[in-house]
Amino acid sequence: LWENGVMTDLGTLGGNSSRAIAINRAGVIVGFSDDAHGNQRAFMWRNGVMTDLGTLGGNTAAALDINASGQIVGRSSTSTGRDHAFLWQDGVMTDLARLAERGSTLVTCPRSNARTGAGTPPIAQFYASGVRVAVGTDSLASTPDLNVFSELAEMRVLAPAVPAAALLESATRHGAVALGWT
């Protein structure tokens, strides 16, 4: 961490290295660190303390972004060895595949995230998790316009491998489902 001309070593979770990936406006940092067994683990660093966020049952995890509310997204291995996207909040890591099983909709506003300092949403991982993804425009306080096509263009830049048809469905049908219109 570089702050006011001073570099601070974030430390590790007992291993040899760590990597900071994102920071929110409150100065909370997320990323991944080796643990004492050589496993990559997701961490949150706040007020000088690095905390292991756990896993979804496997040995490895990485925190990839944090928003202003302290919600963290990333990827974790499961007990079967597969990687799943997760949401961590209030001390609990939730497998986004469970959200998909429950029929939940994840709404993302990528341009707003960038402008408010919440970081880059892991768009491709959202889609890979199987959860229904909708796109929003947030508000004029955090974006220059309310153009959903501008949000789609940003999503395409962030996740070029996601099919255009899936992105369009996020702006139409999935949004309608999230609002209870279907």
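1. Definition of a pocket. On a 1 Å grid over the protein atoms alone, a pocket is an open set of points with protein on both sides within 12 Å along at least five of seven lines, and a residue belongs to the lining if it has an atom within 4 Å of a point. Grid points are joined across faces, edges and corners, and a volume is the space filled by probe spheres set on the points.

2. Basis of the note. The structure is a predicted model, in which local features need pLDDT of at least 70 and side-chain atom pairs count only at pLDDT 80 or more, while totals for chains, interfaces and linings use all residues. Residues are numbered from 1 along each chain as its sequence is written, and side-chain values use heavy atoms, with hydrogens and water left out.

3. The largest pocket. Rolling a probe the size of a water molecule over the atoms shows where empty space is left. In this model, the largest pocket holds about 450 Å³ of space. Its lining consists of 25 residues, and those nearest the centre are Asn67, Gln71, Val107, Asn113 and Phe126. By class, 15 of the lining residues are nonpolar, eight are polar and two are charged; here Ala, Val, Leu, Ile, Met, Phe, Trp, Tyr, Cys and Pro count as nonpolar, Asp, Glu, Lys and Arg as charged, and the others, Gly among them, as polar.

4. Elements around the pocket. Helices (H or I, at least four residues) and strands (E, at least two) are DSSP runs, numbered from the N terminus. At least two lining residues come from each of β7 (57-66), β8 (72-78), α1 (96-101), β11 (105-108) and α2 (110-116). Among the elements, β11 gives the most to the lining, with four residues.

5. In soluble globular proteins, nonpolar side chains tend to be buried together. A nonpolar core is a set of buried Ala, Val, Leu, Ile, Met, Phe, Trp, Tyr and Cys residues joined through side-chain atoms within 4.5 Å; buried means under 20% relative accessible area, exposed over 50%, and partly exposed in between (1.4 Å probe, protein chains only). The largest such core has 17 residues, and Leu96, Ile123, Phe126, Tyr127, Val133, Met155 and Leu167 touch the most other members. Two or more residues of this core come from each of β9, α1, α3 (123-128), β12 (132-135) and α4 (148-158). The largest share, three residues, is supplied by α3. A second, separate core of 14 residues includes Ala22, Leu53, Leu56 and Trp88.

6. Leu96 lies in helix α1 and is buried, with a relative accessible area of 1%. Contact means heavy atoms within 4.5 Å. Apart from neighbours within four places in sequence, Leu96 is in contact with Ala85, Phe86, Leu87, Leu106, Phe126, Ser129 and Val131. The C-alpha atoms of Leu96 and Ser129 are separated by 5.9 Å, although the two residues are 33 residues apart along the chain.

7. Salt bridges. Side chains of opposite charge can pair when their charged atoms come close. A salt bridge is a side-chain nitrogen of Lys or Arg within 4 Å of a carboxyl oxygen of Asp or Glu. The whole structure contains five salt bridges. One of them joins Arg111 and Glu151 (2.9 Å, N to O). Arg111 is in helix α2 and Glu151 in helix α4, so this pair ties together parts that are 40 residues apart in sequence. Arg111 is buried at 14% relative accessibility, and Glu151 is buried at 0%. Arg111, Asp145 and Glu151 are linked in a network of salt bridges.

8. Pairs with partly exposed partners. Asp83 and Arg75 meet in a salt bridge at 3.9 Å, N to O. Asp83 is partly exposed at 45%, as is Arg75 at 23%. Arg173 and Glu169 form another salt bridge, at 2.4 Å, N to O. Arg173 is partly exposed at 48% relative accessibility, and Glu169 is partly exposed at 27%.

9. Positive phi values. Asn47 is not a glycine, yet its phi is positive, about 50 degrees. Asn47 is found in the loop between β5 (40-46) and β6 (49-52) and counts as exposed, at 73% relative accessibility. Asp90 likewise has a positive phi, near 50 degrees. Asp90 lies in the loop between β9 (83-89) and β10 (92-95) and is exposed, at 75%.

Technical notes:
On a 1 Å grid over the protein atoms alone, a cavity is a set of points where a 1.4 Å probe fits but cannot get out, and a pocket is an open set with protein on both sides within 12 Å along at least five of seven lines; lining residues have an atom within 4 Å of a point.
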